[in-house]
Amino acid sequence: ISTEVRDQMGSNLIENAVMPIDFVAEQKYLTDLSSELSLLASNGTSSTKDGGATLVGELGTDLVVFDFAGDELLNLHMLDLDLASIDVDTTILFNISGTTAGLTGMNITGFDNLASNVLYNFYEAQTLALQVDVKGSILAPLADVTSPNGVIHGTIIADSWSGNMQQNHNPFTPYVSVPEPATAFLFALGLMGLVNIRKRNK
């Protein structure tokens, strides 16, 4: 902006103010981190029947990783997590490949009390479709999100966003105690902890 502006609630927009976040640097950092997360080995399994996928994790581990192709996920109408196959404090990572991907028209069950520990990593997506109730956070640093619909119970990071979708405050927090700075920093610190969890378990 070129002049100082005050809104009706008393907030100020200050001319030539220094931004508290370097968005270009953060985008590069989160893009690199998304790629690094995509290299983590899968230790969860899925079985598909009649258009739905049942997810089975691994007991006794801090992190369960599921791999999906983007087009496969778009064609599913259900994701059902077998809660008996994971510990209550397990972090769940979905690594989802493909330039066109998303979560649409599906029922996602078993994640109601796990949203803060669930991350959908769309590490290659250029276009991301969201028409669903998502229990978890989404990392899609290269993706354009257009006309989303539904609810996200978590954080989303994307390249661009156009449309209306309810977002409930439920930050991604996988075993990492952090202060409360800007959302991108909180999210990134959580991701750093996620990478460290898997390295520690090797």
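Predicted model: local features only at pLDDT ≥ 70, side-chain atom pairs only at ≥ 80, totals over all residues.
Let's begin with strand β10, which covers residues 118-122. Five of its five residues are buried, so the strand is largely enclosed by the rest of the structure. If you look along β10, you will see V118, Y120 and F122 pointing one way, while L119 and N121 point the other way. Residues on both sides are buried.

What does β10 pair with? One partner is strand β7 (residues 91-97), which runs parallel to β10 and is joined to it over five bridges. Within this pairing, I92 stands opposite V118 of β10. Another partner is strand β12 (residues 137-146), also parallel to β10, with three bridges between them. Here L119 has S137 of β12 as its bridge partner.

Now turn to helix α1, residues 23-38. Buried positions in α1 are E26, L30, T31, L33, S34, L37 and S38. These residues cover an arc of only 165° around the axis, which means that they sit on the same side of α1. On the face turned away from that buried side you will find V24 and K28, both exposed.

Leaving aside residues up to four places away in sequence, S34 touches N121, Y123, L139 and P141.

Note on methods
Residues numbered from 1 in each chain as written. Heavy atoms only, no water. Buried < 20%, exposed > 50% of the residue type's maximum accessible area, 1.4 Å probe, protein only. Helix = DSSP H or I, 4+ residues; strand = E, 2+ residues; numbered from the N terminus. Pairing = 2+ DSSP bridges. Contact = heavy atoms within 4.5 Å. Arc of directions from axis to C-beta.
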